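Work through the exercises below with the sequence and the structure in view. Try each task before reading its solution.

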Amino acid sequence: MQYTGVKGPRAARRRVFAVATALVVGAVTACQPGTSAPPPTVPLPAGATVVDISPPGGDLFLESEVGSPSVVLYDRLSGAGGDLWLYDDSTGTTEDLGLPFTARASASNDGSVIVFSSADPTLQTGPLAANCKVQPAPFTPLQTAYCSELYLLDRTDGTTHPLTGVGGSSTVSSTSPIVSADGTTVTFWSGTGPVGPPPVRLVMDLATGAVSPAPPLEDPNSWDYGQLHLTWTYEDGLVRTDTITGDVEQLALGGSNTPWDRSSDGRYVVMGSYADGFDLLDVVDGSTRAVPVPNVDDTATRYVGMLYVDAPGADRLIVGDIPPEA
């Protein structure tokens, strides 16, 4: 699905030319998904499987989604920090990737390759230099810091390779990687932070390492499915226009009823909010099916995502099957 919204500062999708010396990362450890019972005040949807529950006093955050929910990256955060984890729906197992909490990460469809962004100088190769500026909080003085670099984690051999900052610290940060579904490219943002020119969006060819300007971002609230053109606005909601007959029809209300996720072909879209719930909408016949979380696969048969609870240690990563249309 094409992901359009998350809780908190998380949103990414779908990698990767290995260069310079490999840095060995601790081997990933497979484990069975969490089975703890959810808090009694928040019922678990019928048929849902709990993959993981946030640690005591901590949170879970999704890092990325792909066209199939078979591979999902998420962060387990606690007061002592956090770790990046992977859930494999084909095996029903979770893995601690041995990486610290990251501002963005993206996986290949088969999960064999992870690209993540980090400013941790212990991962860098070559001479180190703090070349970037950061602002820890609004209205606070700028501080000198290491720039964020991109790294590739190869899960087939457990090694990590730098994609930027090869031979020494970069002078700009590289953030928000999005790996292509076929694993041939990674798109990311490059910039200096709160000072200097605005960041630019780039794409790296992972076979050659060549970097070029990325194509323009698509409007997540406007797309086509065959002869149907769909647009969403706060005022008018989701509107379907038949480009051949000229027929116009409102499929969903606006306001907080926003589009969160949609299939790659544009036929299915998840509408709603965490406050009011979510519905999976078929833009062809206008039918809807309730879903507990806003992330579903391209076939509209499986969901995966977070049940967020406004209490520490209560967030749950769940998966389940979506009932067929009546």
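A salt bridge is a side-chain nitrogen of Lys or Arg within 4 Å of a carboxyl oxygen of Asp or Glu. The model is predicted, so local features need pLDDT of at least 70 and side-chain atom pairs count only at pLDDT 80 or more, while totals for chains, interfaces and linings use all residues. Residues are numbered from 1 along each chain as its sequence is written, and side-chain values use heavy atoms, with hydrogens and water left out.

**Exercise 1. Describe the chain as a whole.**

Step 1. Take the secondary structure, where helices (H or I, at least four residues) and strands (E, at least two) are DSSP runs numbered from the N terminus. The chain has 0 helices and 28 strands.

Step 2. Take the burial, where buried means under 20% relative accessible area, exposed over 50%, and partly exposed in between (1.4 Å probe, protein chains only). Of the 326 residues in the chain, 48% are buried.

Step 3. Take the surface, computed by the Shrake-Rupley method with a 1.4 Å probe; for residues, only the protein chains shown count as cover. The accessible surface of the chain is about 14,700 Å², and carbon and sulfur atoms hold 57% of that.

**Exercise 2. Examine the salt bridge of Glu249 and Arg240, then that of Arg267 and Asp282.**

Step 1. The structure holds 6 salt bridges. In the one between Glu249 and Arg240, the closest N and O atoms are 2.5 Å apart.

Step 2. Glu249 has 41% relative accessibility, so Glu249 counts as partly exposed. Arg240 has 14%, so Arg240 counts as buried.

Step 3. For Arg267 and Asp282, the closest N and O atoms are 2.9 Å apart. This pair links distant parts of the chain: Arg267 lies in the loop between β23 (258-262) and β24 (268-273), and Asp282 in strand β25 (residues 277-282), 15 residues apart.

Step 4. Arg267 is partly exposed, at 23%, and Asp282 is buried, at 1%.

**Exercise 3. Locate the disulfide and find its handedness.**

Step 1. A disulfide is a covalent bond between the sulfur atoms of two cysteines. Here the criterion is a pair of cysteine sulfur atoms within 2.5 Å.

Step 2. A search of the whole structure gives 1 disulfide. Cys132 and Cys147 form this disulfide, with sulfur atoms 1.9 Å apart. Cys132 is in strand β11 (residues 132-134), and Cys147 is in the loop between β12 (143-145) and β13 (149-154), 15 residues apart.

Step 3. The torsion about the S-S bond of Cys132 and Cys147 is about 100°, so the disulfide is right-handed.

Step 4. Relative accessibility is 3% for Cys132, which counts as buried. Cys147, at 1%, also counts as buried.
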